[in-house]
Amino acid sequence: MNSQARDVLMIIVCCNNKKSGGVSGYDRSSSILNVLQREVADELLKARGHIFDWIFQGGKTCSGETMCELPRNLALVKGPDFGGEADAKYLIASERYQGAFYSELGVQGPALLTEGAATVLILSGLYGVLRPAESIQDHVCHFNDHPAIRETLTRKDLLTRTVIDFIRRSGIRTVLDFTGLHSYRYLLDWDLIAREVQGDVLHLFGEQTTGVELLIPLGSLAGCLLRSSPADLHYLGPGKFLETSADRIYLHRGGQVPAELPSQLRDELHLFESCHEVVSMARSIRRLLDQRDPSSEDREIALRINTLEHQGAMSTDIAHAMTDIVRWCKQVEAQFTFTAQQIPLDWLRKRHAAIQNWAAAK
């Protein structure tokens, strides 16, 4: 569809509404695994297999549902997409996904996502990161179904390192964050990604819509941009509004929130900045634990903190400071109803400063 170099990357999200069925035979050639360097590809495939195994070893959602008994997972098998050999039914991701965002792309959606003006990656609770043309099975698995899913895919910054490796190998210069939802927005370390591109990392926000309702104007805008030319996308920049029939979409680079913006949008950006800071604090704690106790990296973070405290490797005050930040990080990743003012940011900053001073003294 576009022969010009596609150096703008859209990062979008998967959806619950999927087309069932498919055809036999797994085509790895269109998988992100075929693009990544071998080490990163192996880590991502291992993580996919780990989540698959967790599902079929009796994994339950936070509400108590047994994952393998959910109707959408009954036909799910361990095929090559999870490091196994079983034969499965596949559709490419751009055809499988049929939620609100994807519906806004119209009948040309699958072609736009695979051949449009921008390169596209999809964040998925089961597959981690996908290309739109990648073969996937029907399934249901959300990042918020259980902490084990998010932990598996974000451990050692796996999702972020996957995106960065893809950026390096695909000549990406600008990144558009179309994630929209709290449960997806903070999966990636946007600061690390920003260091890898010559252009901007731009986060998209609705002037009047948030949450799942935002997926409709985001889908409409994505369709418009994908139908344009790659050169047209170079005019996108921070501080601009882009019009859709459902809402105006604001492009935010991160950092200072302009005072002249409409109040609802301004509040949403302040919330994003506060949440981003909390998640960044939690990431620094995970990296510190990886340095101090690399043998425990596969364990849940609260257990890692408790172990080091009981071993006398850190004081109770530092352990509690880490725990407070991690707890708030989990709320940020899962909740959608609080405001920036409800996050005790100054208190968390003091807790984080104490951790940094402790780490520097060691």
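This is a predicted model: local features need pLDDT of at least 70, side-chain atom pairs count only at pLDDT 80 or more; totals for chains, interfaces and linings use all residues.
Two packed helices are described by the angle between their axes and the distance between the axes.

Helix α5 spans residues 147-154. The axes of α1 and α5 cross at roughly 165°. They come within 9 Å of each other. The two helices are therefore roughly antiparallel. Their crossing is right-handed. On the α1 side, the contact involves Ala47, His50, Ile51 and Trp54. These residues meet Ala148, Ile149, Thr152 and Leu153 of α5. By class, six residues of this contact are nonpolar and two are polar. No charged residue takes part in the contact of α1 with α5.

Helix α1 also packs with helix α6. Helix α1 covers residues 38-56, and α6 covers residues 158-170. The angle between α1 and α6 is about 140°, and their axes lie 10 Å apart. This angle makes α1 oblique to α6. The crossing of α1 and α6 is left-handed. From α1, the residues in contact are Val40, Glu43, Leu44 and Ala47. Their partners in α6 are Leu158, Arg161, Thr162 and Asp165. The residues of this contact divide into four nonpolar, one polar and three charged.

Definitions and conventions:
Residues are numbered from 1 along each chain as its sequence is written. Side-chain values use heavy atoms; hydrogens and water are left out. Axes are lines fitted to C-alpha atoms, for helices over the stretch in contact, and angles run from 0 to 180 degrees between N-to-C directions. Helices (H or I, at least four residues) and strands (E, at least two) are DSSP runs, numbered from the N terminus. Angles under 35 degrees count as roughly parallel, over 145 as roughly antiparallel, 65 to 115 as roughly perpendicular and the rest as oblique. A crossing is left-handed if the near helix is turned anticlockwise from the far one by less than a right angle, and right-handed if clockwise. Contact means heavy atoms within 4.5 Å. Ala, Val, Leu, Ile, Met, Phe, Trp, Tyr, Cys and Pro count as nonpolar, Asp, Glu, Lys and Arg as charged, and the others, Gly among them, as polar.
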